[in-house]
Amino acid sequence: MQRDTLVSFEGVVKRFGSFVAVQKLDFEIRKGEFLAIMGSSGCGKTTTLRMLAGLEAPSKGVIRLSGKPINDLPTWSRDTPMVWQSLALFPFLNVRENVEFALKMRGVGKAERRRRAEQWLERMQISEFADRNIAQLSGGQRQRVALARSLVVEPEILLLDEPLSALDAALKVRMQSVLKNLQRETGITFVYVTHSQSEAFSMADRVVIMSRGKIEQIGTPQEIYRTPRTRFVADFLGSSNLFSGKVRAAGGGLALDTPAGELRLAPDAGQTVGDTATMTVLDTKTHLSVTVPAGAVNVVPVRVIGEEFVGATATLYLETSQGQEIRVQKGHDEFADLPIGMGQNLYAWWNPEDAHLVAES
Ligand SMILES: Nc1ncnc2c1ncn2[C@@H]1O[C@H](COP(=O)(O)OP(=O)(O)OP(=O)(O)O)[C@@H](O)[C@H]1O
């Protein structure tokens, strides 16, 4: 266990009847970090959060909080205060009363309650709505009230389950920076469940990627984006081109024999002849040219099948002669000198050091 570990999941399994929702989770949450748990619907994110909150008991394994097992310990009898951010605000209380509510339940006196609530209303920039009913607030304002209500009790850990899913795109982006700043300023550990890559990657210090009840990868957003560890992660993020094939000897080294052609492996790839392997290269690290570039070793003939321009970024969609789709993403200007009309034949290529192998998971 690391020195700054606040929570550890050790071999945690959760079954509902014979269905295994979470298979053997082993990971740690560090004190003061913003940890996002990300994955597609049904992968076990919420179940993981609910076990941490004490709302579900693990079927196997141990969850420790500040070193102590908490498997069967309800939230209120733990030493480390933890709050589940709920968006279900009380409609019969006004904004200030909603924020004061948890303090009242904890027996905090009226004057102190008022003082602390006012502080949080101000911090979340909702003081002017203090006397309003919840029904009279916008989605973003409700979010701020929900955050103030959770944080006014000064928890050490805040658990958030898809808190932004109901907001429109622009508000989502604004709330992401509110959340990130808040977490940084307060130093409270945030555990944030989401299926959205942009939310996880823009806010979290570390991301846990789950699939079918197990962890595929844990790392900083940069680590995961640059070096997805498994085929699932690379596919899920959708920013890599993937090529699978059998390893064979070629030119004094090793190559991957893929339907798109022969691709060279780095000498330290750790593979042996006869293995099946998958190579990934980011769409931003895949280049295009009209002729085969001198000295290039990983070159795939492709045909333009589509393009997409979003802001300053252009994505070209290409197809190999076997029908495999490849994406190349660049700034607009970088495509300026290339003929990129539909059906144009080009060569996709990349530097061997920009590619790496992934596990089949
Ligand atoms: N109480 C329960 N009884 C039976 N099965 C359950 C129960 N709770 C969750 N599951 C199942 O466990 C799996 C994981 O559910 P969970 O809610 O953790 O997924 P999730 O990743 O949070 O998904 P989503 O993003 O859709 O909320 C799902 O297949 C779900 O149907």
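Author: Residues are numbered from 1 along each chain as its sequence is written. In this predicted model local features need pLDDT of at least 70, side-chain atom pairs count only at pLDDT 80 or more, and totals for chains, interfaces and linings use all residues.

Reader: What makes α4 a helix, and what span does α4 reach?

Author: Helices are DSSP runs of H or I with at least four residues, strands are E runs of at least two, and both are numbered from the N terminus. Helix α4 (residues 139-151) has 13 residues. The expected span is 1.5 Å times one less than the number of residues; for α4 that is 18 Å, and the helix reaches 18 Å from its first C-alpha to its last.

Reader: Why is α4 called largely enclosed?

Author: Because 10 of the 13 residues of α4 are buried, the helix is largely enclosed by the rest of the structure. Among the buried ones are R142, A148 and L151. Their cover includes α2 (95-105), α3 (110-123) and α5 (169-186).

Reader: What makes a set of residues a nonpolar core?

Author: Its members are buried Ala, Val, Leu, Ile, Met, Phe, Trp, Tyr and Cys residues joined through C-beta atoms within 7 Å. The largest has 64 residues, of which L35, A36, A148, V191 and Y192 touch the most other members. Apart from it lies another core of 23 residues, including L256 and V304.

Technical notes. Buried ≥ 20, exposed ≤ 12 C-beta atoms within 10 Å, placed from the backbone. Contact = placed C-beta atoms within 7 Å.
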